[in-house]
Amino acid sequence: MDKDKKIMRKTMPAPCDIYEDEGKIILRLDMPGVTREHLSVNIENDELRISGKREPTDVNAGRFLIREIPDRDFYQAYTLDTTIDRDKIEAELAKGRLIVTLSIKESEKPRKIEVHPKD
Amino acid sequence: MAIMRRTNEVYDPFRELRTLQNEINSLFDFDRFPGTTGLFDRSVSPALDVIENDDSFTVRVELPGLSEKDIDVSFASNVLTIRGEKKEEKERKSGKVYRRETWNGNFQRTVTFPLAVDGEGVKAELKNGILTVTLPKHEEAKAKHISVNVK
């Protein structure tokens, strides 16, 4: 594990929007420059780990007149609580933007309990 | 180019300090949200790289989630303008928002090039949320390598 860390480049969390939509939790992350091959979304011990590798900035490409794009990979871990259904997670990457859809367990959804009058 | 005085770059006692200062500053740099450029400027400025080569300039801009039709790239009198709008996706029907970190709205960046650019040959490409604009230098502005004859 330590060996891998040495090779790993500096990381930063990707800007993320988290919102609820029709019983689903949606994470929308801006990850410009990340391709599908270099993206990994996995769950380990109640942690949703999102990591996206970017092409390292080629320092020999020329002289940098302006350099604002951080030469970093993306990494962020979110803790999932028990209401999230671990088997129903979808991820979709398009135009440098990742959308992760987490479903709430059916048993956790609010349901109406019928009240039967008993006379 | 103006004639420049040769600077003594062999030993600069403050260089280390400057690097340290930059390192420390970057530790506190939590601002991942692109800010606005001017006081009355309401457009967001996304992160941008400008790289100069022997015969061209390359501009890269981070524009995640945008398609070609949302971006307007124009080049006039050696100034490159990239503008457009990053629209907020309004697919949400119900439920609450827990976190809001991405940016949206109008954006604009302008880059003035120090050397003449051949406006006809400017090419722009959008891939994985990164816009790459290639601007070839004008014939006269290209770096020429002059070989020195040894006698």
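This briefing covers the interface between chain A and chain B, the strand pairing in chain A, and an aromatic pair in chain B. The model is predicted, so local features need pLDDT of at least 70 and side-chain atom pairs count only at pLDDT 80 or more, whereas totals for chains, interfaces and linings use all residues. Residues are numbered from 1 along each chain as its sequence is written, chains are lettered from A and ligands numbered from 1 in the order in which they are written, and side-chain values use heavy atoms, with hydrogens and water left out.

**Interface of chain A and chain B**

- The contact, meaning heavy atoms within 4.5 Å, draws 35 residues from chain A and 36 residues from chain B.
- Together the two chains bury about 3200 Å², with 49% of it on carbon and sulfur atoms; buried area here is the accessible area (1.4 Å probe) that two parts lose on being put together, summed over both.
- The interface holds 5 salt bridges, each defined as a side-chain nitrogen of Lys or Arg within 4 Å of a carboxyl oxygen of Asp or Glu, and one of them joins Asp17(A) to Arg100(B) at 2.6 Å, N to O.
- On the side of chain B that touches chain A, strands S1 (48-52), S2 (56-62) and S5 (97-99) of chain B each supply at least two residues, and S1(B) gives the largest share, 5 residues; strands are DSSP runs (E, at least two residues), numbered from the N terminus.

**Strand pairing between the chains**

- Strand S2 (residues 16-21) of chain A and S5(B) run antiparallel and are joined by 2 bridges, where two strands pair if DSSP finds at least two bridges between them.
- Within this part of the model, Tyr19(A) stands opposite Val97(B), a residue of S5(B).

**Strand pairing within chain A**

- Strands S4 (residues 34-44) and S5 (residues 47-54) of chain A pair in the antiparallel sense over 7 bridges, with Val34(A) partnered by Arg54(A) and Glu44(A) by Glu47(A).
- The hairpin of S4(A) and S5(A) has 2 residues between the strands, and Asn45(A) takes a positive phi near 45° there.
- S5(A) is also joined by 6 bridges to strand S7 (residues 73-79) of chain A, which runs antiparallel to it, and Glu47(A) stands opposite Thr79(A) in S7(A).

**Aromatic pairs**

- Over all chains there are 3 aromatic pairs, counted when rings of Phe, Tyr and Trp (its six-membered ring) have centres within 6.5 Å, with planes under 30 degrees apart taken as stacked, over 60 as edge-to-face and the rest as tilted.
- The rings of Phe57(B) and Phe113(B) form a tilted pair because their planes lie at 45°, with centres 4.8 Å apart.
- This pair links distant parts of the chain, 56 residues apart, with Phe57(B) in strand S2 of chain B and Phe113(B) in the loop between strand S6 (105-112) and strand S7 (123-127) of chain B.

Definitions and conventions:
Helices (H or I, at least four residues) and strands (E, at least two) are DSSP runs, numbered from the N terminus.
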